[in-house]
Amino acid sequence: MPKVFVTRKIPERGVNLLKEKGFEVEVSHDDRVLSKAELFAMAKGADALLCLLTDTIDGEVLDGIGSQLKIVANYAVGFDNLNLPALKERNIP
């Protein structure tokens, strides 16, 4: 079962939609910006990352989560927090 890690609390409806589609969903219990070390520890092994605008997703974060990461989704308006070249280099949409 593919694993989705959500960096902060989102509406329960969104989490339930993912679970109904067959995803294992883990949501950070801390409703705050995670340090890189915390993000690595919590998201390690995830197939998908659902982050917020306050989360900086760069090459170091992507490598820390692991090469199995297939997609990064941003629960926000805009995407200034995502390092697009780092995502592209790793073939992660």
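Tutor: Buried means under 20% relative accessible area, exposed means over 50%, and partly exposed is in between, with a 1.4 Å probe and protein chains only. The model is a predicted one, in which local features need pLDDT of at least 70, side-chain atom pairs count only at pLDDT 80 or more, and totals for chains, interfaces and linings use all residues. Residues are numbered from 1 along each chain as its sequence is written, and side-chain values use heavy atoms, with hydrogens and water left out.

The chain has 4 helices and 4 strands, which run β-α-β-α-β-α-β-α from the N terminus on. Helices (H or I, at least four residues) and strands (E, at least two) are DSSP runs, numbered from the N terminus. Buried residues make up 40% of the 93 residues.

Now the pocket. A pocket is found on a 1 Å grid over the protein atoms alone: it is an open set of points with protein on both sides within 12 Å along at least five of seven lines, and lining residues have an atom within 4 Å of a point. The largest pocket has a volume of about 170 Å³, the volume being the space filled by probe spheres set on the points, which are joined across faces, edges and corners. Its lining consists of V4, I10, G14, L18, F23, A48, L49, L50, I71, A73 and Y75. Two or more of the lining residues come from each of α1 (12–20), β3 (48–51) and β4 (71–74), and β3 gives the most, with 3 residues. By class, the lining has 10 nonpolar, 1 polar and no charged residues. In this count Ala, Val, Leu, Ile, Met, Phe, Trp, Tyr, Cys and Pro are nonpolar, Asp, Glu, Lys and Arg are charged, and the others, Gly among them, are polar.

One of the lining residues is V4, which lies in strand β1 (residues 3–6). V4 counts as buried because its relative accessibility is 5%. Contact means heavy atoms within 4.5 Å. Leaving aside neighbours within four places in sequence, V4 is in contact with L18, F23, E24, V25, E26, A48 and L50.

D47 is found in the loop between α2 (36–43) and β3, and at 17% relative accessibility D47 counts as buried. Its side chain reaches the backbone nitrogen of K3 at 2.8 Å. This is a polar contact, a pair of N or O atoms within 3.5 Å; within protein, one must be able to donate a hydrogen and the other to accept it, and residues adjacent in sequence count only if both atoms are side-chain atoms.

N81 sits in the loop between β4 and α4 (84–89) and is buried, with a relative accessible area of 7%. The side chain of N81 reaches the backbone oxygen of L52 at 2.9 Å, and a polar atom of that side chain lies 2.7 Å from the backbone oxygen of D55. Beyond four places in sequence, N81 is in contact with C51, L52, L53, D55, T56, I57 and N74.

Methods
On a 1 Å grid over the protein atoms alone, a cavity is a set of points where a 1.4 Å probe fits but cannot get out, and a pocket is an open set with protein on both sides within 12 Å along at least five of seven lines; lining residues have an atom within 4 Å of a point.
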